[in-house]
Amino acid sequence: QVTDAPAKFYNSLKATSTSATTVLAGDFFAIEQRVEGYNAARLNWGTSDAQTVTLSFWVKSSLTGIFTASLKEGANTRSFPFTYTISSANTWEYKTITIAGDTSGTWNKTNGNSIRVNFPLGTGTDFTSGTDSGSTGAWQAGNYAGVNDAVKVVSTNAATWQITGLQLELGTTATP
């Protein structure tokens, strides 16, 4: 946790790569937020009445390019990998993505893990879906954290990645 953050925020979570790691097929370096089933139950995921959500966040990195993230079912059986672009190094950027609810799978609706919000900092091909950013934007069966060609923060010594203001909200609009 650091005090570097965009306006109206005080802190951010900061990850710094301490070496230039070669990411192997079975590697998975990520920041993950888990959502309890009681908090996710009203989304009705796994039913024909699955609700749409909007994910919003502020992000900053010393690297630029296409980054990847995903929403996953708590047991890692369903995944929605997506990408976002960081255009300017060391500059806070606001991102939003709207995701249609998953009508398949079994989503926990009790006190266990229901949704995993993943921000990979380096993910091997065992945990990626497709080879490029064009393969994202749909729910898939499997444990996919993102796409193969995304920026791998852990592959660059001293690279940084930061996030704050993360919100996962019901509906198609991100609120302040």
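Asn-44 sits in the loop between helix H1 (37-40) and S3. The model is a predicted one, and in it the phi of Asn-44 is near 55°, a positive value in a residue other than glycine. Asn-44 is partly exposed, with a relative accessible area of 24%; the limit for a buried residue is under 20%, so Asn-44 does not count as buried. Another residue with this kind of backbone angle is Ala-158, which has a positive phi of about 70° although it is not a glycine. Ala-158 belongs to the loop between S8 and S9.

The next stop is the sheet. Five strands make up an open sheet, and their order is S2-S7-S4-S5-S8. The pairing in this sheet is antiparallel. Strand S2 (28-36) and S8 are at the edges and have a single partner strand each, so one side of each lacks a neighbour in the sheet.

Within the sheet, strand S4 (residues 65-73) runs antiparallel to S5, and eight bridges join the two. Leu-71 is opposite Phe-80 in S5, and Thr-68 has Thr-83 of S5 as its bridge partner. S4 and S5 form a hairpin, with four residues between the strands. In the turn of this hairpin, Asn-76 has a positive phi of about 65°. S5 also pairs with strand S8 (residues 140-141), again in the antiparallel sense, over two bridges. Here Arg-78 is opposite Ala-141 in S8.

How much of S5 is covered? Seven of the nine residues of S5 are buried, so the strand is mostly covered. Ser-79 lies in this strand, which spans residues 78-86. Ser-79 is buried, with a relative accessible area of 0%. Which backbone nitrogen does the side chain of Ser-79 reach? The side chain of Ser-79 comes to 2.9 Å from the backbone nitrogen of Tyr-144. Apart from neighbours within four places in sequence, Ser-79 is in contact with Leu-71, Lys-72, Ala-138, Trp-139, Gln-140, Gly-142, Asn-143 and Tyr-144. Leu-71, one of these contacts, is also the residue opposite Phe-80 in S5.

Asp-102 is found in the loop between strand S6 (93-99) and strand S7 (113-123). Is Asp-102 buried or exposed? Asp-102 has a relative accessible area of 2% and is buried, because the limit for that class is under 20%. A polar atom of the Asp-102 side chain lies 3.1 Å from the backbone nitrogen of Ser-104. The side chains of Asp-102 and Trp-107 are joined by a polar contact of 3.4 Å. Not counting residues up to four places away in sequence, Asp-102 touches Trp-45, Gly-46, Thr-47, Ala-50, Arg-78, Trp-107 and Trp-139. Among these, Arg-78 is the residue opposite Ala-141 in S8. Trp-139 touches Asp-102 and is also in contact with Ser-79.

Leu-13 counts as partly exposed, at 37% relative accessibility. Which residues does Leu-13 touch, not counting residues up to four places away in sequence? They are Ile-31, Trp-161, Gln-162 and Ile-163. With one of them, Gln-162, the C-alpha atoms are separated by 5.4 Å, although Leu-13 and Gln-162 are 149 residues apart along the chain.

Note on methods: Residues are numbered from 1 along each chain as its sequence is written. This is a predicted model: local features need pLDDT of at least 70, side-chain atom pairs count only at pLDDT 80 or more; totals for chains, interfaces and linings use all residues. Side-chain values use heavy atoms; hydrogens and water are left out. Buried means under 20% relative accessible area, exposed over 50%, partly exposed in between (1.4 Å probe, protein chains only). A polar contact is a pair of N or O atoms within 3.5 Å; within protein, one must be able to donate a hydrogen and the other to accept it, and residues adjacent in sequence count only if both atoms are side-chain atoms. Contact means heavy atoms within 4.5 Å. Two strands pair if DSSP finds at least two bridges between them.
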